[in-house]
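Visitor: I'd like a close look at how the pieces of secondary structure pack here, please. Pick a starting point and take me through it, with the cut-offs behind each term.

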Amino acid sequence: MSKIFLENMELPFCKGCGHSLIANNIDLALQKNNYSLLDVIIVTDIGCHGIVDKCFRTHTFHGLHGRSVALASGVSAGLSNPEKKIIALIGDGGATIGMQHIIDAAHNNFDMTVIVHNNMLYGMTGGQPSEFTPPGFNTTINDQSPKHKVYDVCQIASSAGASFVSRVIASNDFSDLLATAFSRKGFSLVEVMEICPSYGVKANPGMKLKNVVADAGLELKTFTDNNSESFETVYKKDTASLIDNQKEIQAVYKSSITRPVKMVISGSAGEGVQTSAELFARAAIASGLNVTKKGNYPVTVGVGFSSSDIIISPDEIFYTGTSDVDVIIVTSQEGLDYSSSSIKNLKGGTIICDSSLSLPETSSKIIKHDFRNKISGKGASLYSLFYYVNYSKIFPIEALIESFKGEKYSSKIDISKLLEF
Amino acid sequence: MEQEKKIIFTDNSRITVEALVQSGADIFIGYPITPANLLYSYASVRFPVFMAAPDEITTLQWMSGFSAVGKIPVTATSFPGFALMIESINMAYMMELPMIIILVQRLGPATGTATTGAQGDLALLNGMISGGMTLPVFNFYNSFDYWALTAKAVEFSVMHRTPVVILTSKEEMMTKLSLDVARLKNISKIERNYYEKSETYVPYRAEKNLVPPFLPLGNKMHQVRITSSTHNQRGIIQNSTAEALNNSKRLHYKNVRNIADFSFYDFDDEPGSTTLLVSYGVTALAAKEAVINLRASGEKVSLLIAQTLLPVPQIYYDICSRYSKIVIAEENLTGQYRQILFGGGSRTGISGVNDFGSMINPNSIIKEVLRHV
């Protein structure tokens, strides 16, 4: 057969290199499957094989070392079109670097074929060993000759969920095998065994490739052939606007504050600090105020302290830091431990805390209330905010009651208890 | 008549994701990392396609694949993940693939503190394209700009075939705030123009604006060659031929030349002032408050908030040249934007307000503005 997918030019590889055999067989296999030129995308890696792009008349895509399979995965998922043939070429060096991508592409069953050019060393950089170099196979870095078994990419890809996996020794015609791989839905991989004529042959005079492969325990066979359904990219249509679906808060109440109030509420994880702070924030907005709110908690969100910084202001809020707060509310010992330095640094201002807590020395006004005993630890944060609004009159408590009623959990809490001051 | 308000309690992650989708970005690929998690979470329900990648390098590779077939991919990350993406971003830059990378800054070095904000990654962005080419970087500072200018960042990326970084920080992306969404103006979905001529497509032959027309891989009209190695106009790998080197240099000049129309900044010029305060991102909010307080006490000061950070728009230098004292406020140890604008070492009239591990507050800025030099 004459060349169709390859340009009518000499291939750029060393004499006797298996890469030429692979390029020619790709052409033959594509012809056997009747692909059109522009339905084929060849994605190449770094390494000698990667200079083959210019010889192909298909689309070509040439990226980084070890990443061609991931790059081809993106093309495959992007096109999501069974009429397109995506072929990722990679060497054993690239497959060493990017094994994760091969596992991942097989696992997702992306519709593509990977051809591993395994000549058992890094050829382009001077013949160094890869994880595919078998024990006893000399490279140019002899004292690094491997003592362990090679990566068996066929076993790995099969285990990961590939549709078709096969290993073959490079020869004049293995196009039927490639054609089969190309025809399978989903992820197919063919590992082609070669010896690099420039480094492999010279470092291992007289060694037969067949024997190297056998000694390495690499079987020449088809490992998997199940033609399973390939990955399909699903485009969700008309997903809902993230803004339109947000509840509008109407400013039906009025606040009398004339300057920003900065506050911190600190308690324990699981005691509703963040949800209470949100509820408070919504009430402030319903009172015509501008609001910012931040949450602070350890990375293990279920234990330890939980704290929230809130600013409410009749004017636009720019700086959202709370280094100079007006009010600190503390509802548990963990909250106190977290905010003790803020309490010590507080100049003026007010501290509202649970009666059970011993505060560090402070010149600020202290208000103690039995939040935890009166309503439980879980309700202490919410109760403390009701208490604060009632005490400070920063906005009408009706705004907070209304905000509370809008919460799903409101039916589980007796509101009259929140209003006992 | 005053427009009717619609106040919601929201955050800029939500605003940014919605703006991205409305402007035409259609693919979100990512992996979870604090403090980019809200972006990831919103994207998972809003983007037409959402894919959870197994790691950071895969994220950028998949994005590049999607971009090469004509999609507009987005990811969101923070320094630890971004660091692993750098080679792939260089690849996409060389390939001329549009995409948006949102870098939510947190406290470094290394994994640092995931839940503390910072502005410590700008110097990295300034030098991360090997060869010294410029990568477009935007950092907005209020919800309305996160809305409108995110769409402009997408437009710049697509029109000029380049990855674009939207730089931001934990405080900007995770703070909840009251917002009048009735003030958000309509965003139009970007219209992409592909190469339509019957003559052979030369993938890296640029037009007058230094941008080559785009055609997706897999199209049935023309062969497309895309490569990250040094290449000629046809996308054929070349060593150091003049044509290939000129092609690489063009990547820089196309961004520098085309940034003028995408130079976003707020310049609040107070007549008679000799001091200019410069800031960006989260610290711009403290700067704005500092200026309000300074003016309330009778001080004269002007304010430049940079939103297009890189390439540095010429107008910033023109503005700076009018002042004898320039104070640059940013939340990193050494003054990264100050050094980008004015170089290292000390220079009369130029100073910084810097902090590490906590937000810069307006009082620190006021103190430096009032300090006599």
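Guide: Let's start with α1(B) and α2(B), which are oblique to each other because of the angle between them (under 35 degrees counts as roughly parallel, over 145 as roughly antiparallel, 65 to 115 as roughly perpendicular, and the rest as oblique). This is a predicted model, in which local features need pLDDT of at least 70 and side-chain atom pairs pLDDT 80 or more, while totals for chains, interfaces and linings use all residues. Residues are numbered from 1 along each chain as written, chains are lettered from A and ligands numbered from 1 in written order, and side-chain values use heavy atoms, without hydrogens or water.

The axes of α1 (12-22) and α2 (37-46) of chain B come within 9 Å and cross at roughly 40° (axes are lines fitted to C-alpha atoms, for helices over the stretch in contact, with angles from 0 to 180 degrees between N-to-C directions; helices are DSSP runs of H or I with at least four residues, strands runs of E with at least two, numbered from the N terminus). Contact (heavy atoms within 4.5 Å) involves residues including V17(B) and V21(B) of α1(B) and L38(B), L39(B) and Y42(B) of α2(B).

In chain A, α4 (99-108) and α5 (153-160) also cross at roughly 40°, with axes within 7 Å, and that angle makes α4(A) oblique to α5(A). On the α4(A) side, M99(A), I102(A), I103(A), A106(A) and H107(A) take part, facing V153(A), I156(A), A157(A) and A160(A) of α5(A).

Now to the sheet. Its 8 strands form an open, mixed sheet in the order β13(A)-β12(A)-β11(A)-β8(A)-β10(A)-β9(A)-β9(B)-β1(B) (strands pair if DSSP finds at least two bridges between them). β13 (365-369) of chain A and β1 (7-11) of chain B are the edges; each has a single partner strand, so one side of each lacks a neighbour in the sheet. From one strand to the next, the twist averages 20°.

α10(A) (333-345) touches β8, β9, β10, β11 and β12 of chain A, its direction making about 160° with that of β11(A).
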